[in-house]
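Colleague: I have a model open on my screen. Please show me how to read its contacts.

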Amino acid sequence: MKTVKLASEHGLAVTQASDITESTVELTADVVVIGSGAGGAVIAYEMAAAGKSVIIFEAGPYMPSKDFTEKFPDMLESLYEDQGAQMNSTGDMAILQGRCVGGSTVVNGAVTFRTPDTILEKWNTQYGLTELTKAALVPYFEKVERNLSVHENQPHEIAKHSQILNRGAKALGYSHKPLKRNTKSCGLTGHCLSGCASDRKQSSLVTYLPWAISHGAKLFADTRVMTINHLDGKATGVTAETRDPETGEKIADVVVKANTVVSSAGAIQSPLLFLRSKLGNSSGQVGKNFACHPSTLMLAEFDEEVHAWRGASLGSYVDEFEHPDKGGFILEGGGSGPVEIAMAGEPGTGEEYVSFMSKAKNMCSMVTLFHDHNVGRIYYDDDKKVIDYDISDDDFPTMKRVLHEAAKVFFAAGAKRVLLPTIKKTEVRSLEELDQQINLLENGPHMLRMVSYHPQGTMRMGPDKKKSVVDAYGQSHDIQGLYVADASVFPTSVIVNPQITVYALSSYIADKILGRGI
Amino acid sequence: MAISSKVTIECLSAVVDSAEPAVQALNRRVFLKAGLLLGAGISTGLSLGGCSSPVGLLPDGIQVLSAKQLPLFEKLISVLLPVEGSILTPPNAVPVIANIDAMLGLMQASTREDVLVLFDLFEYSSIFSTELTRFSQLDNIVARNHIEACQSSSLFIQRAVVTAIKKFIYIGYWRDEKTWGPIEFDGPVSKQWKLTSLGNAPLPTA
């Protein structure tokens, strides 16, 4: 058996735009992987470890961790899709995704959850994924969790914001737990969303990608796949463009011949790639069924100092309402820096705002997310991507309940005032005021301050060719050898942070690809 | 200086027309309602105190914003960040406008154009409630009230524009490290704490 050594202790061997001197590059591989996040990195590693020749294309730049500045606005502009300004079409929800080598795994909060049992049961019974059972996935969860050093947060990883969440939940008798994270000797910097400068977050950047490269995979940054090529119903490769990340100038056309193509570009870019390529859409479902766990950052003022930016970004969570029958939402004790605090709520204008920010160290933050319905759609309007998503009227009562419970937890923990995440100023100082203000909330554009970290759906997995884009093994119903392995294949949203579901499902799909033979 | 109603109408029409692409992605019906409100105001024969803003010199390094947009941002900073008497860093110690200009420069061209139109819309959004005074020319108290009225407006486009503008000002301010000390924000810490890189994880053994 061939002994493989880690190709490098630090950093990655990446072909970047600056490395390319020819205007046309032609390559051949067994497998082309599009995207280098949780899905693509796993596929690339598993394929390469099985002896296949692998090429990975990442549209974003390669930024080694030594260049992470721990300045959130800077990193939004460097590491995130649309420089952190990706929005739904209404313009009232930021949709944050990594756009860099390593994808969203580089910029997430490192929180890991297995897919809730109730979600897998729904996928089994309502979406025909009868093989995708908990029992079938457990070995994959165990494998990726082991590989990513997933562990339950220890007491020193429960920062003040999460201690306050625990205190409030305990007072209310709500179930709450430490979160699990994929970190190793966490430095407790509080800068997870800016990338981990000391490589303690076990993102793809320091795990599956260097491992794939060690097994011979070739990784190209700054290179966006424009179309998937096919002939007689079979995938034949991709056509891509390498562009200078600074100027946007095209450096080279890149053409790869490969009989296996895996799209792991995420729940927004994977459907756009299929639509650009004009393939794989006999169901008419490409881009549909978008969900995204609409999140808010709730803020509350306490007499005690919180310094919400200190310690592990995410410590513990309230799981009292996780089951859909109990609400289908979770509340996470989450940190925030001045930029997030400055924008998460509306304390008023002018002097009120200055007074509020002067007490920033007394502000505690909490992240809310819920199991939304798949009501959105991703499509092109001419050449402009459109993320058509608004909270549905069916989901809005859940959002109201989420905000209500989050504020209750804060008050139970001793908050002086809570800022509801509304566009206009909505400050509550008692449970009575809370009830009144929650009742006044209306669903409409630009009513709430929302952010999504979890785009999902859009390329549903399922056995029915008329209702899904890929089969139960991730292969396109229409194009043989074309697979999808990312959060776009989820039939529904998963309630919780989805990265481990993506890692495990991609590991599962990798096995299926290898099982079918390449 | 008063100008003719014809010029006024042309100016406002230009603002409305150029705003159209910016809000296509939003709710067209509601925006048309806003447009009709503008039109109704114009039809009353009110005049506007000048179509173009006083034009000064652009500070060094400003590449996206125009000189006529600077008064809007100067007014916004004055109204949104009245830090005198507080612990916060004076905004004149921070290159807020230059930071905003740099943020705009990084945006995709189409998005940037939309945002610039929204800035112009906001500059003129006060004329119907303030006797034809542009936002940048308002007294600070009136300007503050106008912002809060927009933020509580039943017209979502007004809520959207004000929220976006506040975000630009706040990010332009808080991203500068000179603002961090007074609130005890630690900023980057890994180097200060001498956190060494753990590097790449070893290859899986199983």
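Colleague: How many residues of domain 1 of chain A are in contact with domain 2 of chain A?

Modeller: First, the ground rules. This is a predicted model: local features need pLDDT of at least 70, side-chain atom pairs count only at pLDDT 80 or more, and totals for chains, interfaces and linings use all residues. Residues are numbered from 1 along each chain as its sequence is written, while chains are lettered from A and ligands numbered from 1 in the order in which they are written. Two residues are in contact if their C-beta atoms, placed from the backbone, lie within 7 Å. Here, 38 residues of domain 1 touch 53 residues of domain 2 in chain A.

Colleague: Which element gives the largest share of the domain 1 side?

Modeller: Helices are DSSP runs (H or I, at least four residues), numbered from the N terminus. In chain A, helix 13 gives the largest share of the domain 1 side that touches domain 2, seven residues.

Colleague: Which residues of helix 3 of chain B are buried?

Modeller: Buried means that 20 or more other C-beta atoms, placed from the backbone, lie within 10 Å of the residue's own. In helix 3 (residues 70–80) of chain B, they are B:Leu70, B:Leu72, B:Phe73, B:Leu76, B:Val79 and B:Leu80.

Colleague: What do the buried residues of helix 3 of chain B pack against?

Modeller: Their partners include helix 10 (351–358) of chain A and helix 4 (96–106) of chain B.

Colleague: How many residues does the contact take from chain B and from chain A?

Modeller: Chain B gives 48 and chain A gives 57. On the chain B side, helix 7 of chain B has the largest share, eight residues.

How values were computed:
Helix = DSSP H or I, 4+ residues; strand = E, 2+ residues; numbered from the N terminus. Buried ≥ 20, exposed ≤ 12 C-beta atoms within 10 Å, placed from the backbone.
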